[in-house]
Amino acid sequence: MAKVVVLLFLMFFSLTSGGNLIMVNGQKTWCVAKPSSDQATLLTNVNYACSQVDCKVLQTGGPCFSPDNLMNHASIAMNLYYQSRGRNHWNCDFKGSSVVVMTDPSYGSCKYA
């Protein structure tokens, strides 16, 4: 019975939080750009996030510079913002252009916080 109640709570939480489950069973989460996001929105997100947090990892030669495309840079910038604000689902909204994931998106020498 308790498992059913927990499952129902998680389903309700998912629906009320825009479909994002945050810290399920203590698991870490990351914020990344939705692949369907348009370029203008992604650029706005990068500019906003990097005005709030240190985005040096995205500079030329930095560990997260490559691949040098807006989707990658937006995901990293948005995640830096999300992580710095305590991984609350509202810190990964970016006007609906992002999604919280439970799989570490790190690659090569680019380590997502």
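**Exercise 1.** Work out the handedness of the link between Cys50 and Cys55.

*Solution.* Next, take the torsion about the S-S bond, -95 degrees, which makes the link left-handed. Finally, check exposure, where buried means under 20% relative accessible area, exposed over 50% and partly exposed in between (1.4 Å probe, protein chains only). Cys50 has 28% relative accessibility, so Cys50 is partly exposed; Cys55, at 12%, is buried.

A word on the model: it is predicted, with local features needing pLDDT of at least 70 and side-chain atom pairs pLDDT 80 or more, while totals for chains, interfaces and linings use all residues. Residues are numbered from 1 along each chain as its sequence is written, and side-chain values use heavy atoms, leaving out hydrogens and water.

**Exercise 2.** Find which parts of the chain the disulfide of Cys31 and Cys92 ties together.

*Solution.* First, confirm the bond: the S to S distance is 2.1 Å. Its torsion is about 85 degrees, so this disulfide is right-handed. Then place the ends, recalling that strands are DSSP runs (E, at least two residues) and helices likewise (H or I, at least four), numbered from the N terminus. Cys31 sits in β1 and Cys92 in the loop between α3 and β2, so parts 61 residues apart in sequence are joined.

Definitions and conventions: Disulfide = S-S within 2.5 Å.
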